[in-house]
Amino acid sequence: MSESQQHFFTADPEVASARQTINMVLADLSVKLDTDSGVFSSDRLDRGTRILLEHAPKPPVSGQILDLGTGYGPIAIATAMRSRQAHVWAVDINNRALGLTRENAARAGVTNITAARPEEVPEDIQFAAIYSNPPIHVGKAALHELLLMWLPRLAPNGAAYMVVQKNLGSDSLAKWLNTQGYPTERLASEVGYRILRTTPPSQESSTVQA
Ligand SMILES: C[S@@+](CC[C@H](N)C(=O)[O-])C[C@H]1O[C@@H](n2cnc3c(N)ncnc32)[C@H](O)[C@@H]1O
């Protein structure tokens, strides 16, 4: 596995730390974020992440929100800044990423955020929204397993917004989600990226499946 992909799978990246600070500047906010080697897109705000933050609907004003695969925390921190009454769960398996997210949130004065490993998120929490630049590189089977672990935790009126590159299978992912009973539509398409909107199975179809 190349060093550049290690962060997708590793709790504690072996590559030596090499901190950098980037500026995340969006239309409504500007914040400094520390990144590090062994963490996704350590030299700049990922293009897909920027597209998600610029084009997905604004987060619900309150409730629990999930950033699945938070990295150094750009999606979680922007979401927490946009919805101060909500609580954002910034979830990752990479401890270096979680440490950065905690530090970045503290420096930005953002307190409505918890950076956690998946097993640390209380099981009874339902999410009003999920925002994610998901770890496509883990492979199709692992990605499907991951999504089937978290999508059932969407609140009945909730929605998940994911950014996926077209050439990394956004359209087939959308198709698969629909076959799994999770209505999924393409919300936006920008320079090779798609934003997918996924909602919980309708009451009607869950009754049919039961
Ligand atoms: C494409 S990166 C996005 C990172 C960050 N959200 C951003 O936009 O820069 C996907 C992230 O998913 C994390 N990841 C991989 N497997 C995971 C899992 N099973 N559960 C949660 N996060 C996971 C990786 O460590 C990585 O940080």
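The structure is a predicted model, in which local features need pLDDT of at least 70 and side-chain atom pairs count only at pLDDT 80 or more, while totals for chains, interfaces and linings use all residues. Residues are numbered from 1 along each chain as its sequence is written, and side-chain values use heavy atoms, with hydrogens and water left out.

The protein contains 7 helices and 9 strands; helices (H or I, at least four residues) and strands (E, at least two) are DSSP runs, numbered from the N terminus. The radius of gyration, taken over C-alpha atoms, is compared with a globule rule of 2.2 Å times the number of residues to the power 0.38. For 210 residues, a compact globule would have a value near 17 Å, and the 16 Å of the protein agrees with this. The C-alpha trace spans about 50 × 40 × 35 Å along its principal axes.

Of the 210 residues, 51% are buried. A residue is called buried under 20% relative accessible area, exposed over 50%, and partly exposed in between (1.4 Å probe, protein chains only). Contact means heavy atoms within 4.5 Å. Among contacts between residues at least 6 apart in sequence, 68% join residues at least 24 apart. The protein carries 19 positive and 21 negative side chains, and the centres of the two sets lie 7 Å apart. In this count Lys and Arg are positive and Asp and Glu negative, whereas His and the chain ends are not counted; the place of a charge is NZ of Lys, CZ of Arg, CG of Asp or CD of Glu.

Helix α2 comprises residues 47-55, and its buried residues are Gly 48, Thr 49, Ile 51, Leu 52 and Leu 53. The cover over these buried residues includes strands β1 (20-25), β6 (127-132), β7 (154-165), β8 (184-190) and β9 (193-198), together with helix α3 (74-82). At the start of α2, a side-chain oxygen of Asp 46 comes to within 3.0 Å of the backbone nitrogen of Gly 48.

Helix α3 is largely enclosed by the rest of the structure, because 8 of its 9 residues are buried. These are Pro 74, Ile 75, Ala 76, Ile 77, Ala 78, Thr 79, Ala 80 and Met 81. Asn 104, in helix α4 (residues 95-108), is buried with a relative accessible area of 1%. Apart from neighbours within four places in sequence, Asn 104 is in contact with Lys 32, Leu 33, Asp 34, Tyr 72 and Ile 77. Val 110, in the loop between α4 and β5 (113-116), is also buried, at 5%. With neighbours within four places set aside, the contacts of Val 110 are Ile 77, Ala 80, Met 81, Arg 84 and Ala 105. Val 110 and Met 81 are 29 residues apart in sequence, and their C-alpha atoms lie 6.7 Å apart.

The loop between β2 and α2 holds Ser 37, which counts as buried at 14% relative accessibility. A polar contact is a pair of N or O atoms within 3.5 Å; within protein, one must be able to donate a hydrogen and the other to accept it, and residues adjacent in sequence count only if both atoms are side-chain atoms. The side chain of Ser 37 makes such a contact with the side chain of Asp 36 (3.3 Å), and a polar atom of the Ser 37 side chain lies 3.3 Å from the backbone nitrogen of Ala 18.

Most residues other than glycine have a negative phi. Ser 41, by contrast, has a positive phi of about 50°; this residue lies in the loop between β2 (30-35) and α2 and is buried at 14%. Val 191 likewise has a positive phi, of about 30°, and is found in the loop between β8 and β9, where Val 191 counts as exposed at 56%.
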